[in-house]
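Student: I have a chain to go through with you. Can we take it question by question, starting from single side chains and ending with the whole fold?

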Amino acid sequence: APDPSDRFRRLTDLIFSRYPDYPPYEGLHEEVLPHLTVAMGDAALQDEVDAALSPHLPIAAHAGKVTLIVEDESGHWSESGRFPLA
């Protein structure tokens, strides 16, 4: 999770206020926690990723842009746009 996370939370809130028909995570979560997803899968994959990454945490990074990713009718994701952050 980013630290501090307040700017990411505000960005999520601003996007949702602009597009209220598209809540974050389709409205499945009452609270959205900013995070970086590195893999999605079963518990075995999660354990493998955790073991590989944990020795390298925390990760220092800078967010310089936001990438808009859209899902098509068949469930495939693709990049739709990039927006620089000030």
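Student: What is the relative accessible area of E79, and is E79 buried or exposed or in between?

Tutor: This is a predicted model, so the value is computed from predicted coordinates. Buried would need under 20%, and exposed over 50%. E79 falls between these limits and is partly exposed, with a relative accessible area of 47%.

Student: Which side chain does E79 meet in a salt bridge?

Tutor: The contact runs from N to O, at 2.8 Å.

Student: Which residue in the hairpin of β1 and β2 takes a positive phi?

Tutor: Five residues lie between the strands of this hairpin. The phi in question is near 90 degrees. The residue is G75.

Student: How many salt bridges does a search of the whole structure find?

Tutor: D6 and R10 form another, at 3.2 Å from N to O. E31 and R9 also pair, with their closest N and O atoms 3.2 Å apart. The search of the whole structure finds three.

Student: Why are D6 and R10 about one helical turn apart?

Tutor: Both residues sit in helix α1, residues 6-18. D6 is partly exposed at 38% relative accessibility, and R10 is partly exposed at 46%. They are separated by about one turn because their spacing along the helix is four residues.

Student: How many residues apart are E31 and R9, the pair joined by a salt bridge?

Tutor: The closest N and O atoms of E31 and R9 are 3.2 Å apart. The pair links distant parts of the chain: R9 is in helix α1, and E31 is in the loop between α1 and α2 (43-53). Their separation is 22 residues.

Student: How much accessible area does the nonpolar surface patch of L36, V38, L53, L57 and I59 have together?

Tutor: One member, L36, is found in the loop between α1 and α2. L36 counts as exposed, at 64% relative accessibility. Together the five named side chains have about 490 Å².

Student: What pattern does the protein chain follow along the sequence?

Tutor: The protein chain has two helices and two strands. Read along the sequence, the pattern is α-α-β-β.

Student: Why is the protein chain called more spread out than a compact globule, and what is its radius of gyration?

Tutor: The C-alpha trace spans about 40 × 35 × 25 Å along its principal axes. For 86 residues the globule rule gives 12 Å. The chain is well over that, so it is more spread out than a compact globule, with a radius of gyration of 15 Å.

How values were computed. Residues are numbered from 1 along each chain as its sequence is written. This is a predicted model: local features need pLDDT of at least 70, side-chain atom pairs count only at pLDDT 80 or more; totals for chains, interfaces and linings use all residues. Side-chain values use heavy atoms; hydrogens and water are left out. Two strands pair if DSSP finds at least two bridges between them. A salt bridge is a side-chain nitrogen of Lys or Arg within 4 Å of a carboxyl oxygen of Asp or Glu. Buried means under 20% relative accessible area, exposed over 50%, partly exposed in between (1.4 Å probe, protein chains only). Patches are made of residues with over 30% relative accessible area and no salt bridge: like charges are joined within 9 Å, nonpolar side chains (Val, Leu, Ile, Met, Phe, Trp, Tyr) within 5 Å. Accessible areas come from the Shrake-Rupley method with a 1.4 Å probe; for residues, only the protein chains shown count as cover. The radius of gyration is taken over C-alpha atoms; the globule rule is 2.2 Å times the number of residues to the power 0.38.
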